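Try each task before you read its solution.

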Amino acid sequence: MKRSLLHNLRILLGAALSAALLQPSEAAAHLVTTGMGPVYDGIGHLLLTPEDLVPALAMSLYAGMRGRAPGRRALFLFPLAWLLGGFAGLSASGTPTFPLPAISFLLLGALIAADLRMPDNIFTVLALAVGIMHGFFNGIALKAGPSGLGLLGIMAALFVLVAIVSAFVLSLKPPWARIAVRVAGSWVAAMGLLMIGWFFRGQG
Amino acid sequence: MRSILVGMIFLFNGFLLGTVSAHESQPGSLEMKQLAPDRYDIIWRAPIYYGRPHPAQLQLPEDWETIGQPTERRRADAIVFNRVITTGGKSIEGKIIRFPGLEATITDVFIRLKRLDGTMMSTVARPTKPWAELRGERPWYVTAGEYLGLGFHHILMGIDHLLFVLGLLLIVQGRMMLLKTITSFTVAHSITLAIATLGYAHAPLPPLNAAIALSILFLGPEVVRSRRGETSLTIRFPWLVAFAFGLLHGFGFASGLSTTGMPKAELPWALLWFNVGVELGQLVFVFLALALAWSFKTLEVRWPRWAQALPGYTVGSLGAYWTIQRTVILLGGLF
């Protein structure tokens, strides 16, 4: 009985998808018209926004430092959390005034600089929290532009970024290389401190 | 599981379907021809964008005056505005031409100035710099940089070209075969890019687009076959397929270059640097794909079987969608 219900649900899902896809769409087939514009906009947004790019790099560095399993976890959960946060941001009405991205700079930078080990569960929560928060801000920023497809582009770019950077850190063998990564982390933390300082100075 | 996989692929296609006309990267052009010492004929070709007139406007310097009645002609792919202006005896050197609205698009505008003494100047306005300064002859490396950027931009924005390269990467086994295949594709599309740009041959866009889509569709089943450990002519000799379809893709690249309306004198340089840009873009993409594969190996990512099949099905289903769509357009144009 349950199996039959599941089967029917699958057919319904397939039919709904087909119906959605068979809707007439305007066909403009210039060779360079790919329909991927908003996705590219999203990729560009991530790569050209240091407020997002630096914490994403920091998360990847930290995941790589922690090892294979955390690297894999960050690879799948971090972009997914970013996407979910982004969709939440698309429907949000206001912008948080507190500089939350600066906190992620400081936190991730400090974790890298200290090379701090943490239980797997806490690492997972960290990846989810940072992803959701930055995704949320991106969702607000992309609301008027490429919106959902832009978020998809960001997620794809994050997936590639996390994979390559964390694998690269993981593959580093010489002890000085790990120190270099920790130094990079300290710079990220310093940036976070500066950002928080600017925020409070602006408030005053 | 299979129904979920098929659903996911269709869902992914759905993301693309809804936005097929979302972005138009066909460039605009502004041609200025000096008729008399202080008089210029100005042709502003604004490409159709989202099926509507382009949001960018042409804004000439305030002290230029229009003589006579400006004209406007609507073509299938652009609106062409024509007017004659006088500069009131002043020099145009250092004047700024602006394109308000360009910053909200992904369109580049190629500007070409032809003077009475036969000298020419060309420059590009971009969404990140929606204006251009008129000045004397530029050093060759500035022009080269612009065409190199155009080629780089063209391949990275052309998901159909990238998908074909991805399909080849998924089929190829071994470093030597990868080198052979990528070189074959490069040689083939360079040949037709040169032939088409120099005007020795011309491929009409609608059938060309359909054929390029067909090349992607062709690779889909081959990728799946390769993953299953089966063999075929394409799997054994991917360089052959890369060469054959590369000839088609070269005509496609040529369409990206020919729409810039470059001056004849710039043609060899433009061709060379545009092609270098295309190759660089292709190398970046191949490098990223290989780096990603290496990362999965380093991180020891174990993909479920359905996920392993996903790239092949994605290449195939997108190729099928574009083939059908472009064939419909082709037939629509015939009848």
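The exercises below go from confidence to helix packing and then to a sheet.

**Before you start.** Residues are numbered from 1 along each chain as its sequence is written, while chains are lettered from A and ligands numbered from 1 in the order in which they are written. This is a predicted model, in which local features need pLDDT of at least 70 and side-chain atom pairs count only at pLDDT 80 or more, whereas totals for chains, interfaces and linings use all residues.

**Exercise 1. Find where confidence is lowest and highest in chain A, then look at chain B.**

Step 1. Start with the whole complex: the predictor gives an ipTM of 0.78 and a pTM of 0.71.

Step 2. Take the average for chain A. Its mean pLDDT (the predictor's confidence in each residue, from 0 to 100) is 82, and 81% of the residues reach 70 or more.

Step 3. Helix α1(A), residues 2–21, has the lowest mean, 43, and α3(A) has the highest, 95.

Step 4. Turn to chain B, which averages 83, with 87% of the residues scoring at least 70. Its residues 1–24 fall below 50, with 53 contacts beyond near neighbours in sequence.

**Exercise 2. Describe how α2(A) packs against α7(A).**

Step 1. Recall what to look for: two packed helices are described by the angle between their axes and the distance between the axes.

Step 2. Read off both values. The axes of α2(A) (residues 37–48) and α7(A) (residues 147–171) come within 6 Å and cross at roughly 55 degrees. Axes are lines fitted to C-alpha atoms, for helices over the stretch in contact, and angles run from 0 to 180 degrees between N-to-C directions.

Step 3. Classify the angle. Angles under 35 degrees count as roughly parallel, over 145 as roughly antiparallel, 65 to 115 as roughly perpendicular and the rest as oblique. The pair α2(A) and α7(A) is therefore oblique.

Step 4. Look at the contact. Among its residues are Tyr40(A) and Ile43(A) of α2(A), and Leu151(A) and Ile154(A) of α7(A). By class, the contact has 13 nonpolar, four polar and one charged residues. Ala, Val, Leu, Ile, Met, Phe, Trp, Tyr, Cys and Pro count as nonpolar, Asp, Glu, Lys and Arg as charged, and the others, Gly among them, as polar.

**Exercise 3. Are α3(A) and α4(A) roughly parallel or antiparallel to each other?**

Step 1. Helix α3(A), residues 50–66, and helix α4(A), residues 68–90, pack at about 150 degrees, with axes 7 Å apart.

Step 2. The two helices are therefore roughly antiparallel.

Step 3. Met59(A) and Ala63(A) are among the α3(A) residues that meet α4(A), whose side includes Ala74(A) and Phe78(A). The contact divides into five nonpolar, three polar and one charged residues.

**Exercise 4. Trace the strand order and pairing of the six-stranded sheet in chain B.**

Step 1. The open sheet of chain B runs β3-β4-β2-β1-β6-β7, with mixed pairing. Two strands pair if DSSP finds at least two bridges between them. The edge strands, β3 (65–74) and β7 (120–125) of chain B, each pair on one side only.

Step 2. Follow β1(B), residues 28–36. Six bridges join β1(B) to β6(B) in parallel, and Leu30(B) has Ile111(B) as its bridge partner there. With β2(B), residues 39–47, β1(B) pairs in the antiparallel sense over seven bridges, and Leu30(B) stands opposite Trp44(B). A hairpin of two residues links β1(B) to β2(B).

Step 3. Finish with β6(B), residues 109–114, which runs antiparallel to β7(B) with six bridges. One of these pairs Val109(B) with Ala125(B). Five residues lie between β6(B) and β7(B) in their hairpin, and Gly118(B) in the turn has a positive phi of about 90 degrees.

Definitions and conventions:
Helices (H or I, at least four residues) and strands (E, at least two) are DSSP runs, numbered from the N terminus. Two residues are in contact if their C-beta atoms, placed from the backbone, lie within 7 Å.
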